[in-house]
Amino acid sequence: MADTVQELSGVKVLVCDPAGPAITTVQDALDLIGATYVGAEIVAVPADRLDDEFFVLSTGFAGEVMQKFVNYHVRLAVIGDISRHLEVSSALRSLVHESNAAGHIWFLPDTEALTARLAV
């Protein structure tokens with residue numbers, strides 16, 4: 001399956017293929033943002049496609065990626081189980097909690113949770 005634009009709760013979402021290329025650089029994130037220009041408002045990227053460095057906040061990679069999404073006014077949903085990363089980082093737990101309380105970047109378990117979140 002390739003990345004596809006799907007309508008979830010009336011919002012166009014670029015749903016990224018779980019088997020797609022890893023996101024290991026800021027340029028990879030910018031490429032996803034560019035792919036939204038076909039009309040998507042949100043990128044739903046599987047957590048497994050994100051390099052492990054994304055979840056180690058001291059690397060700065062997550063901050064750079066998230067800032068790009070904010071700067072380009074594209075929302076980001078990280079979809080999937082990130083519990084192994086949360087177990088070892090209280091800073092990441094805080095970031096996920098704060099992000100999920102806001103409206104621009106979310107960490108959700110699956111696309112059904114994203115659909116429900118968009119319906120609110």
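The model is predicted. Its strands form an open sheet of five, in the order β1-β2-β3-β4-β5 and with mixed pairing. Helix α5 lies across β1, β2, β3, β4 and β5, while the buried residues of helix α4 pack against α2, α3 and β5. By the rule applied here, the count of salt bridges comes to three.

**Sheet and hairpin**

- Within the open five-stranded sheet, β1 and β5 stand at the edges with a single partner strand each, so one side of each is left without a neighbour in the sheet.
- On average, neighbouring strands of this sheet are turned by 25° against each other, direction ignored.
- Strands β1 (4-8) and β2 (residues 11-15) pair in the antiparallel sense, over five bridges.
- In this pairing, L8 stands opposite V11 of β2.
- The hairpin of β1 and β2 has two residues between the strands, and S9 takes a positive phi there.

**Helix α4 and its two sides**

- Helix α4 spans residues 90-101, 12 residues in total, and reaches 17 Å from its first C-alpha to its last, close to the 16 Å expected at 1.5 Å a residue.
- L92, V96 and S99 are buried in α4.
- These three cover an arc of only 70° around the axis, which puts them on the same side of α4.
- The packing partners of the buried residues of α4 are α2 (61-71), α3 and β5 (105-108).

**H85 in helix α3**

- H85 is located in helix α3, which comprises residues 83-87.
- The relative accessibility of H85 is 10%; because buried means under 20%, H85 counts as buried.
- Leaving aside residues up to four places away in sequence, H85 touches D52, F55 and L92.

**Salt bridges**

- *R49 and D3.* The side chains of R49 and D3 meet at 3.3 Å, N to O. R49 lies in the loop between β3 (42-46) and α2, and D3 in the segment before β1, so the pair ties together parts that are 46 residues apart in sequence. R49 counts as buried, at 4% relative accessibility, whereas D3 counts as partly exposed, at 32%.
- *R75 and E41.* The side chains of R75 and E41 meet at 3.6 Å, N to O. This pair links distant parts of the chain, with R75 in strand β4 (residues 75-79) and E41 in the loop between α1 (26-35) and β3, 34 residues apart. R75 is partly exposed, with a relative accessible area of 22%, and E41 is partly exposed, with a value of 40%.
- D52 lies in the loop between β3 and α2 and R84 in helix α3, so the pair ties together parts that are 32 residues apart in sequence. D52 is partly exposed, with a relative accessible area of 40%; R84 is exposed, with a value of 51%.

- S9 has a phi near 50°, a positive value in a residue other than glycine.
- S9 is found in the loop between β1 and β2 and counts as partly exposed, at 36% relative accessibility.
- H73 also is not a glycine, and has a positive phi of about 60°.
- The position of H73 is in the loop between α2 and β4, where H73 counts as exposed, at 69% relative accessibility.

Notes: Residues are numbered from 1 along each chain as its sequence is written. This is a predicted model: local features need pLDDT of at least 70, side-chain atom pairs count only at pLDDT 80 or more; totals for chains, interfaces and linings use all residues. Side-chain values use heavy atoms; hydrogens and water are left out. Helices (H or I, at least four residues) and strands (E, at least two) are DSSP runs, numbered from the N terminus. Buried means under 20% relative accessible area, exposed over 50%, partly exposed in between (1.4 Å probe, protein chains only). Contact means heavy atoms within 4.5 Å. The expected span of a helix is 1.5 Å times one less than its number of residues. The arc is that of the directions from the helix axis to the C-beta atoms. A salt bridge is a side-chain nitrogen of Lys or Arg within 4 Å of a carboxyl oxygen of Asp or Glu. Two strands pair if DSSP finds at least two bridges between them. Axes are lines fitted to C-alpha atoms, for helices over the stretch in contact, and angles run from 0 to 180 degrees between N-to-C directions.
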